[in-house]
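Take a look at the chain first, and then we can walk through it together.

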Amino acid sequence: HGGRAKNELTEPDVDALKRGLENLGKHLENIAKYNVPAVVAINAFASDTAEEMAAIRTYCEERGVPVALSDVFAKGGEGGKELAQAVLAEIAKGAADFQPLYASELSVPDKIRTIAQEIYGADDIVLEAAAQKTLVDIEAGGYAELPVCIAKTQYSFSDDPNKLGRPSGFTLHVRELKISAGAGFIVALTGNIMTMPGLPKKPAAEKIDVTADGNIVGLF
């Protein structure tokens, strides 16, 4: 989120890291809107420098948010102790008072709009033709009071994976609505997101087989 290409992230760059921290700041603001505390985990990589770690800690401490190192990839459970203790300390305070972001009686478009504006920072939403058609079915079927789950790119607060940092001045495009009646929510699909992860060009299943004597081969 600081503007460096992925293949450059192993090179120390505190300035880029600091630019990217506005993305973290938005996440912290969002969590606070639900009246629950947050703990920031620094997911350690071998290429991280002490200066970069310090920059994240300072950013969080200035905002009164606990921050802890998570080094479980290199150290296993031992590397997660600092984070676990920080989380336990927040739980012990008993400060959580969760509040939903919207009332269930809001219309489906207003629920999506509330999330888009409050959490993502969008100016507004657009329901495309397919979504509008399904909305009629949702309302007619009595599902309008269900909560909304938005399927969106993980790379950006917007529906455009290229809008990094803390984007603003954008419109969230809802191309389709789906009813998950059993689970009890409505799914709003935005941008080019897929609801199931795509398979690689050569799925592992192509290499898996069962021999004549019943042994499975090709798993590893």
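Leaving aside its neighbours within four places in sequence, which residues is E90 in contact with? The partners are P37, V39 and P66. E90 itself sits in helix α4, which covers residues 81-93, and it is buried, because its relative accessible area is 13% and the cut-off for buried is under 20%. Please keep in mind that this is a predicted model, with an average pLDDT of 94 for the protein chain.

**Confidence**

- A pLDDT of at least 70 is reached by 99% of the residues.
- Helix α5 (residues 108-120) has the highest mean pLDDT among the elements, at 98.

**Overall layout**

- Six helices and eight strands make up the secondary structure of the protein chain.
- Read from the N terminus, the order of elements is α-β-α-β-α-α-α-β-α-β-β-β-β-β.
- The protein chain is more spread out than a compact globule, because its radius of gyration is 22 Å, well over the 17 Å that the globule rule gives for 220 residues.
- Along the principal axes, the C-alpha atoms fill a box of roughly 60 × 55 × 35 Å.
- Of the 220 residues, 33% count as buried.
- Looking at contacts between residues at least 6 apart in sequence, 60% of them join residues at least 24 apart.
- The protein chain has an accessible surface of about 13700 Å², and carbon and sulfur atoms account for 55% of that surface.

**The loop between α1 and β1**

- This loop connects α1 (14-32) with β1 (40-43), and V36 is found in it.
- N35 lies in the loop between α1 and β1 as well.
- Although N35 is not a glycine, its phi is positive, at about 60 degrees.
- N35 counts as partly exposed, with 39% relative accessibility.
- V36 also counts as partly exposed, because its relative accessibility of 29% falls between the 20% and 50% cut-offs.
- Not counting residues up to four places away in sequence, V36 touches I31, A96 and F98.
- How far apart are the C-alpha atoms of V36 and F98? They are separated by 5.7 Å, while the two residues are 62 apart along the chain.

**Salt bridges**

- In general, side chains of opposite charge can pair when their charged atoms come close.
- The count for this model comes to twelve salt bridges.
- D71 and K75 form one of them, with their closest N and O atoms 3.9 Å apart.
- Elsewhere, salt bridges that share partners join R4, E8, E11 and D13 into one network.
- R4 counts as partly exposed, at 26% relative accessibility, and E8 counts as partly exposed at 30%.

**A nonpolar surface patch**

- Which residues make the nonpolar surface patch of about 600 Å²? The patch is made by I208, V210, I216, L219 and F220.
- I216, one of the residues in the patch, lies in strand β8.
- I216 is exposed, because its relative accessible area of 55% is over the 50% cut-off.

Conventions
Residues are numbered from 1 along each chain as its sequence is written. This is a predicted model: local features need pLDDT of at least 70, side-chain atom pairs count only at pLDDT 80 or more; totals for chains, interfaces and linings use all residues. Side-chain values use heavy atoms; hydrogens and water are left out. pLDDT is the predictor's confidence in each residue, from 0 to 100. Helices (H or I, at least four residues) and strands (E, at least two) are DSSP runs, numbered from the N terminus. Patches are made of residues with over 30% relative accessible area and no salt bridge: like charges are joined within 9 Å, nonpolar side chains (Val, Leu, Ile, Met, Phe, Trp, Tyr) within 5 Å. Accessible areas come from the Shrake-Rupley method with a 1.4 Å probe; for residues, only the protein chains shown count as cover. A salt bridge is a side-chain nitrogen of Lys or Arg within 4 Å of a carboxyl oxygen of Asp or Glu. Buried means under 20% relative accessible area, exposed over 50%, partly exposed in between (1.4 Å probe, protein chains only). Contact means heavy atoms within 4.5 Å. The radius of gyration is taken over C-alpha atoms; the globule rule is 2.2 Å times the number of residues to the power 0.38.
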